[in-house]
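This report describes a predicted model.

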Amino acid sequence: MPKHKIKGIVVSHKMDKTAVILVEKVKAHPRYLKRMKISTRYQAHDPENKYQVGDKVVIEECRPLSKNKSWIIIGKIHDSSTNKVKNS
């Protein structure tokens, strides 16, 4: 069975080898069908502490590494708008 992969944004990296990832999804209300934005925070393993707040990353589920941590960061999503060349 394939492992789940989710895209999110790093919102905290104050812990050693752990980052908190915010994942947002849109869900429809079961009766009224109004779409709502649902956000979930995941603690993910960051072994090299290289991801900073604001980075867009992909996380993948893994075996439980601690009480709250069962995801690992597998990569950073490069945004085309941040690759602009700055003139000095």
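Asp-55 counts as buried, because its relative accessibility of 14% falls under the 20% cut-off. Even so, Asp-55 takes part in a salt bridge with Lys-76, in which the closest N and O atoms are 3.6 Å apart. Asp-55 belongs to the loop between strand 3 (35-45) and strand 4 (56-61), while Lys-76 lies in strand 5 (residues 69-76), so the pair ties together parts that are 21 residues apart in sequence. Lys-76 itself counts as partly exposed, with a relative accessibility of 41%.

Side chains of opposite charge can pair when their charged atoms come close. The structure holds two salt bridges, and they are listed here.

| Salt bridge | N to O distance |
|---|---|
| Lys-76 and Asp-55 | 3.6 Å |
| Lys-50 and Glu-48 | 3.8 Å |

Which strands pair with strand 5, and in what sense? Strand 4 runs antiparallel to strand 5, and the two are joined over five bridges, with Val-58 standing opposite Gly-75 of strand 5. Strand 3, by contrast, pairs with strand 5 in the parallel sense over three bridges, and Ile-72 in strand 5 is the bridge partner of His-45.

Turning to the interior, nonpolar side chains tend to be buried together in soluble globular proteins. The largest nonpolar core of this model has 11 residues, namely Ile-6, Val-10, Ala-19, Ile-21, Val-23, Ala-44, Tyr-51, Val-57, Ile-59, Trp-71 and Ile-73. Strand 1, strand 2 (18-28), strand 4 and strand 5 each give two or more residues to this core, and strand 2 gives the most, with three residues.

Val-57, one of the core residues, is in contact, once its neighbours within four places in sequence are left aside, with Ile-6, Lys-7, Gly-8, Val-10, Ile-21, Tyr-51, Ile-73, Gly-75, Lys-76 and Ile-77. Among these contacts is Lys-76, the residue that also forms the salt bridge with Asp-55.

Ser-12, placed in strand 1 (residues 5-12), counts as buried at 16% relative accessibility. Not counting residues up to four places away in sequence, Ser-12 touches Ala-19, Val-20 and Val-53, and of these Ala-19 is listed in the largest nonpolar core.

Key: Residues numbered from 1 in each chain as written. Predicted model: local features only at pLDDT ≥ 70, side-chain atom pairs only at ≥ 80, totals over all residues. Heavy atoms only, no water. Salt bridge = Lys/Arg side-chain N within 4 Å of Asp/Glu carboxyl O. Helix = DSSP H or I, 4+ residues; strand = E, 2+ residues; numbered from the N terminus. Buried < 20%, exposed > 50% of the residue type's maximum accessible area, 1.4 Å probe, protein only. Contact = heavy atoms within 4.5 Å. Core = buried A, V, L, I, M, F, W, Y, C linked by side-chain atoms within 4.5 Å. Pairing = 2+ DSSP bridges.
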